[in-house]
Amino acid sequence: MADIEDIQQKIIDEFNALSDWTERYKHIIKQGRELSPLDEKHKVDENLVRGCQSQVWLHTRLENGKVIFEADSDAAITKGLVALMVRFYSNQTPDDIISTNPTFIKKIGMQEHLSPTRSNGLASMVKQMKIYAMAYKTKMAEEPTDA
């Protein structure tokens, strides 16, 4: 699986290759369309990300020491944003998720082009993903090892 910093640079390069924010918004929406559908059984209240104006569901599991995120949203741009975050943080270790901030958001100028409510929602997504990672890190530390 790709290194988290490599994924971050790839996202920056993709957005820098687009000429303007109309193209960048189209790219964000396309990311959302390409997001694997979230099973309806995971679209439950406890998976809702608090602080998002739109509904955003975030489901997670741990596989082989890596956190797997699945998500969905009822709004096109928000779904694209959560798709970017899933792409960035999914299949990474809890430590990598906790220690790596999505600096691509600032580097591609996304913060200046999102409404305050979308910006807050994006921050809520990042916070929730880090909370899951911390919970998995704690759980992994508590599990006995086969020594």
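Is Asn 91 buried, exposed or partly exposed? Asn 91 counts as partly exposed, because its relative accessibility is 26% and the class spans the range between buried (under 20% relative accessible area) and exposed (over 50%), computed with a 1.4 Å probe on protein chains only.

Before going further, note that this is a predicted model, in which local features need pLDDT of at least 70 and side-chain atom pairs count only at pLDDT 80 or more, while totals for chains, interfaces and linings use all residues. Residues are numbered from 1 along each chain as its sequence is written, and side-chain values use heavy atoms, with hydrogens and water left out.

**Stop 1: the whole chain.** Colour by secondary structure to find seven helices and two strands, which follow the order α-α-β-β-α-α-α-α-α from the N terminus; helices (H or I, at least four residues) and strands (E, at least two) are DSSP runs, numbered from the N terminus. The C-alpha atoms fill a box of roughly 55 × 30 × 25 Å along the principal axes, and 44% of the 147 residues count as buried. Among contacts (heavy atoms within 4.5 Å) between residues at least 6 apart in sequence, 64% join residues at least 24 apart.

**Stop 2: two asparagines.** Select Asn 91 again, in the loop between H3 and helix H4 (94-99), and check its phi, which is positive at about 70° although the residue is not a glycine. Most residues other than glycine have a negative phi. Next select Asn 64, in the loop between strand E1 (56-63) and strand E2 (66-73), where phi is also positive, near 50°. Asn 64 is exposed, with a relative accessible area of 81%.

**Stop 3: H3 against H7.** Select residues 76-89 for helix H3 and residues 116-142 for helix H7, which pack at about 30° with their axes 11 Å apart; the axes are lines fitted to C-alpha atoms over the stretch in contact, and angles run from 0 to 180 degrees between N-to-C directions. H3 and H7 are therefore roughly parallel, a class that takes angles under 35 degrees. Show side chains for the contact, made by Ile 77, Thr 78, Leu 81, Val 82, Met 85, Val 86 and Tyr 89 of H3 and by Arg 118, Leu 122, Met 125, Val 126, Met 129 and Lys 130 of H7. These residues divide into ten nonpolar, one polar and two charged, where Ala, Val, Leu, Ile, Met, Phe, Trp, Tyr, Cys and Pro count as nonpolar, Asp, Glu, Lys and Arg as charged, and the others, Gly among them, as polar.

Definitions and conventions:
Angles under 35 degrees count as roughly parallel, over 145 as roughly antiparallel, 65 to 115 as roughly perpendicular and the rest as oblique.
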